[in-house]
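Here's a quick briefing to read with the structure open beside you.

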Amino acid sequence: MTGLPPLPAMEDLRERMLAALAGMPDPPGGKFTTRFEHDLTQVFARRHAVAVSSGTTALHTALSAVGVGPDDEVLMPALAVIMTAQPIVQLGAKPVFVDSDPDTLDLDYADAASKVTARTKAIVPVHLWGRMGDPVRLRAFAAERGLTIVEDAAQAAGTSRAGVPAGAAGAAGCFSTKDGKILWSNEGGFALSDDPAIAAHIRAFRGHWLTPPPGGRPQERLGLPGRMPELIALLAQANLLRFPALLERRRAQTVYLLHALAGARGLTSLQPATDETWNHYSPLLRIGLPHPRAFAEHLAQLGVPSSSGSFRLVPCDTRPMFGDRAPCRGAAQILDRTLAIVLTEHDDEAVLDRYAAVITREAAAWRA
Ligand SMILES: Cc1ncc(COP(=O)(O)O)c(C=O)c1O
């Protein structure tokens, strides 16, 4: 196995950060955010991009923009993080959890269909680990039932399926740039849309409705403290310039680690769908060992970070705040049996070789 491509440099970031600092305070602000948004529209080939304080804020503002509000129901997979459900609840709507198919990781559409009611307004697919469900099926499902699609593409920048980029399957696509994402900026997020009205609503809502949509009045309604800080926008824009190289680095890291684990006992790598261009967000392995979640937790104790072992990711429907509901068993099975290793751009061959050695050794010895 050949080595990884070198870490792409951050061109003159230090100097630009210092220059930006020297220009502060700058009450009207927005210069670096505007530049980042412009570059996002170019890189992702969308008409509008709005930078916000987090992926959660991107979802919150986008769901508000498509009209989700009190008493609405919103379908979302239980195979998700709690941050997908939080803005739905914040808007007064109800998240309705849909199961996932353990073979494909895509939504269980029979379960989704059974959960549509007269109050269902939208569907939020979540491209966990950068893996994208079938957008053709998603669009057909939503169109037949009059549902708006808002994608949680927080982990999926750079993935596409059937020619549809993640975040472009519906009315709006929401991304996080929190550290750990391939396109990172410490904290932050952005929403993409081709609809000017949706973008204008997101723009107004992220900043206390100070910049209203055309025809509106400033602060005629309440909004959020959800702007992207300017220094973060500068960092995000610098990383956007490196995005192709960052994607290539992540792809090489994931391929490298999966290759090193090819013979590990009881572990099988999960492959993307044939029509999917996966961003390789996280090396994914199906754990065919007894007590798979305990195995992931054991690896985390030994310094191999993973979604279930380190972040204790469980299906959203099992979180205490959502009460008793019929369990989404497919989602539980996926999260219990998938080792999704957490990477950053700094993980070099030495780190990946150590992960591979620990995983291989512990899998061979695992009897729990
Ligand atoms: C799938 C998914 N959705 C939503 C979010 C929320 O993003 P943020 O942490 O930037 O609010 C994250 C980020 O961690 C995520 O991974």
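Start with Cys174: setting aside neighbours within four places in sequence, Cys174 is in contact with Gly55, Ala58, Leu59, Ala62, Val150, Glu151, Asp152, Ala153, Ala154, Gly189 and Ala191. Keep in mind that this is a predicted model.

**The nonpolar core**
- Cys174 turns up again in the largest nonpolar core, which has 102 residues; Ala62, Cys174, Phe190 and Ala191 are the ones that touch the most other members.
- That core takes at least three residues from each of domain 1 (13-241) and domain 2 (243-365).
- As a bit of background, nonpolar side chains tend to be buried together in soluble globular proteins.

**Around the ligand**
- The ligand has 14 residues around it, and the closest are Ser54, Gly55, Thr56, Ala154 and Ser176.
- Helix H3 (55-65) and helix H4 (82-90) are the elements that give two or more residues to this shell.
- Sorted by class, the shell has seven polar, five nonpolar and two charged residues.

- The chain splits into domain 1 (13-241) and domain 2 (243-365), with their C-alpha centres 25 Å apart.
- Where they meet, 33 residues of domain 1 are in contact with 31 residues of domain 2.
- On the domain 1 side, the elements that give two or more residues are H4, strand S6 (160-161) and helix H8 (230-241).
- By class, that side of domain 1 has 19 nonpolar, nine polar and five charged residues.

Methods:
Residues are numbered from 1 along each chain as its sequence is written. This is a predicted model: local features need pLDDT of at least 70, side-chain atom pairs count only at pLDDT 80 or more; totals for chains, interfaces and linings use all residues. A nonpolar core is a set of buried Ala, Val, Leu, Ile, Met, Phe, Trp, Tyr and Cys residues joined through C-beta atoms within 7 Å. A residue is buried if 20 or more other C-beta atoms lie within 10 Å of its own, exposed if 12 or fewer, and partly exposed in between; C-beta atoms are placed from the backbone. Domain bounds come from an automatic or database domain assignment. Two residues are in contact if their C-beta atoms, placed from the backbone, lie within 7 Å. A residue is near a molecule or strand if its C-beta atom, placed from the backbone, lies within 6 Å of it. Helices (H or I, at least four residues) and strands (E, at least two) are DSSP runs, numbered from the N terminus. Ala, Val, Leu, Ile, Met, Phe, Trp, Tyr, Cys and Pro count as nonpolar, Asp, Glu, Lys and Arg as charged, and the others, Gly among them, as polar.
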